[in-house]
Amino acid sequence: MKKRNTSNNPLFRKIRELEEKALEAGIIEKAQIKTSEAMREEAWECYLVSRMEWLESMIKDKELEA
């Protein structure tokens with residue numbers, strides 16, 4: 001298997017380790033493994049959605065207090 005470009009992010013490294021184990025166990029297929037760039041984009045999008053929802057919730061709670 002060709003070695004992929006790994007990120008310096010420890011979470012990404014842990015994901016890579018788990019992906020390799022899952023691949024060996026037949027849980028996932030090679031095509032399901034994302035590139036580091038794809039993982040970064042997905043993580044950023046998840047963060048932004050989570051942040052937006054949290055901010056909207058905080059604003060709504062503040063408005064209810066008033």
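Glu-17 sits at 44% relative accessibility in this predicted model, so it counts as partly exposed. Its salt-bridge partner is Lys-14, with 4.0 Å between the closest N and O atoms. Lys-14 is partly exposed too, having a relative accessible area of 43%. Both residues belong to helix H1, and because they are three residues apart there, about one helical turn separates them.

Let's follow H1 to its neighbour. Two packed helices are described by the angle between their axes and the distance between the axes. Here, H1 (residues 10-24) packs against H2 (residues 36-65) at an angle of about 120°, and their axes are 12 Å apart. That angle makes H1 oblique to H2, and the crossing of the two helices is right-handed. Where do H1 and H2 meet? On the H1 side you will find Phe-12, Ile-15 and Arg-16, and on the H2 side Ser-36, Met-39 and Arg-40.

Another salt bridge joins Lys-34 to Glu-42, its closest N and O atoms being 2.3 Å apart. Lys-34 is partly exposed at 36% relative accessible area, and Glu-42 is partly exposed at 37%. In total, the structure holds five salt bridges.

Note on methods
Residues are numbered from 1 along each chain as its sequence is written. This is a predicted model: local features need pLDDT of at least 70, side-chain atom pairs count only at pLDDT 80 or more; totals for chains, interfaces and linings use all residues. Side-chain values use heavy atoms; hydrogens and water are left out. Axes are lines fitted to C-alpha atoms, for helices over the stretch in contact, and angles run from 0 to 180 degrees between N-to-C directions. Helices (H or I, at least four residues) and strands (E, at least two) are DSSP runs, numbered from the N terminus. Angles under 35 degrees count as roughly parallel, over 145 as roughly antiparallel, 65 to 115 as roughly perpendicular and the rest as oblique. A crossing is left-handed if the near helix is turned anticlockwise from the far one by less than a right angle, and right-handed if clockwise. Contact means heavy atoms within 4.5 Å. A salt bridge is a side-chain nitrogen of Lys or Arg within 4 Å of a carboxyl oxygen of Asp or Glu. Buried means under 20% relative accessible area, exposed over 50%, partly exposed in between (1.4 Å probe, protein chains only).
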